[in-house]
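Here is a short walk through one protein chain. Keep the model open and follow along.

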Amino acid sequence: MLLIYCPYCEEERSELEFRQGGDAHIARPTNMTEMSDEDFEAFFFLRDNVKGLTFERWRHLNGCGRFFNAARDTVSDKFLTTYKAGLPRPDVSTLRPAASAPVETYEATESDAK
Ligand SMILES: [Zn+2]
């Protein structure tokens, strides 16, 4: 089971308590009523489908209920860090996992559990 660290509860909790809430650090346009349909579509619907490091909003839905941000590797599904909403994006150079770090998969973690 994947454990996610909630920066508000200050502890790791089961992934079942969390919900992903889309991309983090999306700047809301200040002139939304003046936007073209194409610009609104790009802001509201179009997102990158990043392979690798991505920054996302998450909510501790079945815990404190608060939103926070996370840096996650979409290939390994590993959370590199989580941080409180409103804080700036952390330095990417310090977040990369070691190349030799094993990928945590369901099969890898469950095979140890007897
Ligand atoms: Zn929490």
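**From a surface strand to the core**

Leaving aside neighbours within four places in sequence, Ser14 is in contact with Met1 and Leu3. Ser14 itself lies in strand E2. Is Ser14 buried or exposed? Ser14 is exposed, because 12 other C-beta atoms lie within 10 Å, and a residue with 12 or fewer counts as exposed. The C-alpha atoms of Ser14 and Asn62 are separated by 9.9 Å, though the two residues are 48 apart along the chain. Keep in mind that this is a predicted model.

Now step back to the whole chain. It has two helices and six strands. From the N terminus on, the elements run β-β-β-α-β-β-β-α. Of the 114 residues, 11% count as buried. Take the contacts between residues at least 6 apart in sequence: 50% of them join residues at least 24 apart.

Where is Phe18 found? Phe18 sits in the loop between strand E2 (11-14) and strand E3 (19-23). This residue is buried, because 20 other C-beta atoms lie within 10 Å, and 20 or more is the cut-off for that class. Not counting residues up to four places away in sequence, Phe18 touches Ile4, Trp58, Arg59, His60 and Leu61. Phe18 and Asn62 are 44 residues apart in sequence, and their C-alpha atoms are 6.6 Å apart in space.

Phe18 also belongs to the largest nonpolar core. Which residues make up this core? There are eight: Ile4, Cys6, Phe18, Phe55, Trp58, Phe68, Ala70 and Ala71. The largest share, three residues, comes from E5. Ile4 is another member worth a look. Beyond its neighbours within four places in sequence, Ile4 is in contact with Glu12, Arg13, Glu15, Phe18, Phe79 and Thr82.

Why is E5 largely enclosed by the rest of the structure? Five of its seven residues are buried, so the rest of the structure largely encloses E5. This strand has two partners to follow, E4 and E6. E4 and E5 pair in the antiparallel sense over seven bridges. In that pairing, Glu56 stands opposite Ala70 in E5. E5 also pairs with strand E6 (residues 78-84), again in the antiparallel sense, over six bridges. Here Ala70 stands opposite Thr82 in E6.

Next, look at the turn. The hairpin of E5 and E6 has four residues between the strands, and Asp77 takes a positive phi near 60 degrees there. Asp77 lies in the loop between E5 and E6. Most residues other than glycine have a negative phi. Asp77 is not a glycine, yet its phi is positive. Asp77 counts as partly exposed, because it has 13 C-beta neighbours inside 10 Å.

Glu10 makes a second case. Glu10 has a positive phi of about 60 degrees although it is not a glycine. This residue is found in the loop between E1 and E2. Is Glu10 buried or exposed? Glu10 counts as exposed, because it has 7 C-beta neighbours inside 10 Å.

How values were computed:
Residues are numbered from 1 along each chain as its sequence is written. This is a predicted model: local features need pLDDT of at least 70, side-chain atom pairs count only at pLDDT 80 or more; totals for chains, interfaces and linings use all residues. A nonpolar core is a set of buried Ala, Val, Leu, Ile, Met, Phe, Trp, Tyr and Cys residues joined through C-beta atoms within 7 Å. Two residues are in contact if their C-beta atoms, placed from the backbone, lie within 7 Å. Two strands pair if DSSP finds at least two bridges between them.
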